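This briefing covers charged and aromatic side chains in one protein structure. Please read it with the sequence and the model open.

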Amino acid sequence: MKKLRLLIVLLIAAVIGSYFVFDLGRFASLEYVQSQLAALQGFTQANFSLAVAVYFSVYVVMAAFSIPGSLMMTLLGGALFGLLWGTLIVSFASSIGATLAFLIARTVLHDWVQERYGNKLEPINRGIRKDGGFYLFSIRMVPLFPYFVVNLVMSLTPIRVVPFYVATQTGMLLATLVFVNAGSELARITSLSGLVSAPVLFSIALVGLLPLLARFIVSGMQRRKLARKFGRPRKFEVNTVVIGAGSAGLVASLIIAGARARVVLVEQHQMGGDCLHTGCVPSKSLIRSGRIKHLVDNAADFGLIDASAEVDFTAVMERIRKIIARIEPHDSPERFTSLGVECVSGKAHIESPYRVRVDGREITTRSIVLATGARPLVPPIPGLDGIAYLTSDNIWSLEELPRRLLVIGGGPIGCELSQAFSNLGARVTQMEMAPRLLMREDPEVSDLLTERFRNQGINVLTGHKVVEFARDEKGDYVEAEFEGEFVREYFDRVLLALGRKPNVEGFGLEELEVPLTAGGAVEVDQYLRTAYPNILACGDVAGPYQFTHMASHQAWFAAMNALAGPFRRVNYKAVPWATFTDPEIARVGLSELEARERGIDFEVTRYDLDLHDRALADGENRGFVKVLTPPDKDRILGATIVGYHAADVIGEFTLAMTHGMGLGKIAAATHIYPTMLEANKFAANAWRKKHMPEKVFPWLERYFRWQRE
């Protein structure tokens, strides 16, 4: 591919050089063509087929290499072949030439531009994949846009060749017809600048812009039509009603109140949402207790003999409740009321895009932000109704440590809780239908974690599809299919960790016919607007990422767009996440699997933590830092860290990706010794070492030898 690119660049350079060296532009001037017009017309009458072939070929070459003179060639086509034949010949010649120019530019520039600016161009890429032909058709109908610029710009997008050709030929047909017709008067034309009047050009441009304008108007009318039947109040009680007081709702309401707008925050359960009461806070507290127990059990590795600890599970759970109680005031109605948020406890029901009813009270509002979160997914498995199953919501009510715990699910929640309960002394079996744990991560990550789990005594069963739950004289069991055979696994308690389902039911969305995604989330646009422009959604109910930090991130955009209309598009440029197992697993950007699926060329730089000083000192020398970059470039496409405090260490790569900094910047920064953060610098240095100019070293050796003589 590199040789082909070089060949094309050399060919383009030769064509451009010849154009200026031999002054080929004179042949496309109005004076020269008019001076030769009679001879050309006579040749065409005597040799029509040959004239068509020569003209067609010259036009295609000029268009393919963006050689100036396409307007003159179009006029000449009208003068030589007449309106019908001229339009037909010019239409195909210009379209084929444009497509060749498109392919040339795509071969030379597309990959480089997408590799360097792919993240920034992703919204444009999505739009082109969806409606590229439509947009190109509209642009082609506007002759004010330079012909070669359109070819170049579109070559950098994902539009396919056939839609490009079709949109080009159909879109340019009207302008081609106008200019070919003008070419019939070529002998009497005195200036190309006055060839077509301004009103004619404006009319053509208006026709080209009409589809875009119509689409925008129709889209707006459809949105307003949905809302118009409900009746817009003359006055509004509040600016925004926020439904749900989890991470997204709390942040959104604070931003709106901070802008001095009136906001009502509605929550039917507890302020703080899942993260505080059943998610991040309790799970990390439990993980910490389990981690300490594991360290005590392995104290001999640190020279501490006869260390022991007995687990008081009731005390562990009480500690979790105390931590929640310490944090709870930060999310309390009292605090938010003091900050200008009206907090209402009750069940919210959206009556219309302008009215929300909360237990009998009707609130009129200019906008609504839906932040209702998600809940554990409970699939319809036969026999499950007869089992007192646990989820990430109700597991915190346990008062006794299960002797035998079965965890169904191999995602982050299942992995975190499997290891935490195992560390506290439960016999844990983790069952996953997929061939490995953490399917969103690369296989080497899954393999490392699985080996760690099994070494700790966790019975990891991947490739097991749950068939049913049942009970016999031995107790409760699950029957699963594995490689065509059925196996049974007995348990005392079972935890379902199969993902989370967005909370969309019971809020009035069904009556409003708000569209949902295939995954059951509320369908939103890039501004987080639903089908109704003044109803927005953020957090787990909207997706695509079900993370607390992403909910807070989206909340800012939702709040601003709720107040100011389509103000800012939500940014997913660098989204980090972590699984808080031991070792921790953190990632930002692409994994190797995702890069391959998207057809992105990349190279991998890896630094293993086996001999990392701080990791060795803490007895945590397992894991690695892996960075994906474009070939021979230090721009970061993605980073994965498996190891001690990976969730903290990934922050440097997140910052670098957000602000367009490469591995060179990370390598140049000073990192405190000894810290785990140094691993990022070592990975960056590994990239630099791999890309050192080896051919220079022999010359350096000679130079320094000369200095010694």
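The model is predicted. Across the structure there are 35 salt bridges, and a search of the whole structure gives 18 aromatic pairs.

**Salt bridges within helices**

- Arg596 is joined to Glu592 by a salt bridge whose closest N and O atoms are 3.0 Å apart.
- Helix 18 (residues 592–597) holds both Arg596 and Glu592, which are 4 residues apart, about one turn of the helix.
- Glu701 forms a salt bridge with Arg705, and here the closest N and O atoms lie 3.8 Å apart.
- Glu701 and Arg705 are both in helix 24 (residues 697–708), again with a spacing of 4 residues, about one turn of the helix.
- Arg705 has a relative accessible area of 36% and is therefore partly exposed.

**A salt-bridge network and a further pair**

- Salt bridges with shared partners connect Asp442, Glu444, Glu592, Arg596, Arg606, Asp608 and Lys626 in one network.
- The Arg596 and Glu592 bridge described above involves two members of this network.
- Glu351 and Arg357 form a salt bridge, with 3.7 Å between the closest N and O atoms.
- Glu351 is partly exposed at 33% relative accessible area, and Arg357 is partly exposed at 30%.

- Glu489 is located in strand 13 (residues 485–491).
- Glu489 is buried but has no salt bridge.
- The side chain of Glu489 does make a polar contact, at 3.3 Å, with the side chain of Thr429.
- Beyond its neighbours within four places in sequence, Glu489 is in contact with Leu406, Thr429, Met431, Asn459, Leu461, Asp476, Tyr477 and Val478.

**Aromatic pairs between helices 3 and 4**

- The ring centres of Phe48 and Trp85 are 5.8 Å apart and the ring planes meet at 75°, so this pair is edge-to-face.
- Phe48 belongs to helix 3 (residues 48–64) and Trp85 to helix 4 (residues 70–140); the pair links distant parts of the chain, 37 residues apart.
- Phe48 is partly exposed at 35% relative accessibility, and Trp85 is partly exposed at 46%.
- Tyr55 and Phe81 also make an edge-to-face pair, because their planes stand at 70°, with ring centres 5.3 Å apart.
- Tyr55 is in helix 3 and Phe81 in helix 4, so this pair ties together parts that are 26 residues apart in sequence.
- Tyr55 and Phe81 are both buried.
- Ring pairs gather Phe48, Tyr55, Tyr59, Phe81 and Trp85 into a cluster.

**Charges over aromatic rings**

- Arg440 is placed over the face of Trp577, 4.6 Å from the ring centre.
- Arg702 has its charged end over the ring of Trp699, at 4.7 Å from the centre of that ring.

Technical notes
Residues are numbered from 1 along each chain as its sequence is written. This is a predicted model: local features need pLDDT of at least 70, side-chain atom pairs count only at pLDDT 80 or more; totals for chains, interfaces and linings use all residues. Side-chain values use heavy atoms; hydrogens and water are left out. A salt bridge is a side-chain nitrogen of Lys or Arg within 4 Å of a carboxyl oxygen of Asp or Glu. Buried means under 20% relative accessible area, exposed over 50%, partly exposed in between (1.4 Å probe, protein chains only). Helices (H or I, at least four residues) and strands (E, at least two) are DSSP runs, numbered from the N terminus. Lys and Arg count as positive and Asp and Glu as negative; His and the chain ends are not counted. A polar contact is a pair of N or O atoms within 3.5 Å; within protein, one must be able to donate a hydrogen and the other to accept it, and residues adjacent in sequence count only if both atoms are side-chain atoms. Contact means heavy atoms within 4.5 Å. Rings of Phe, Tyr and Trp (its six-membered ring) pair if their centres lie within 6.5 Å; planes under 30 degrees apart count as stacked, over 60 as edge-to-face and the rest as tilted. A charge sits over a ring if NZ of Lys or CZ of Arg is within 6 Å of the ring centre and within 35 degrees of the ring normal.
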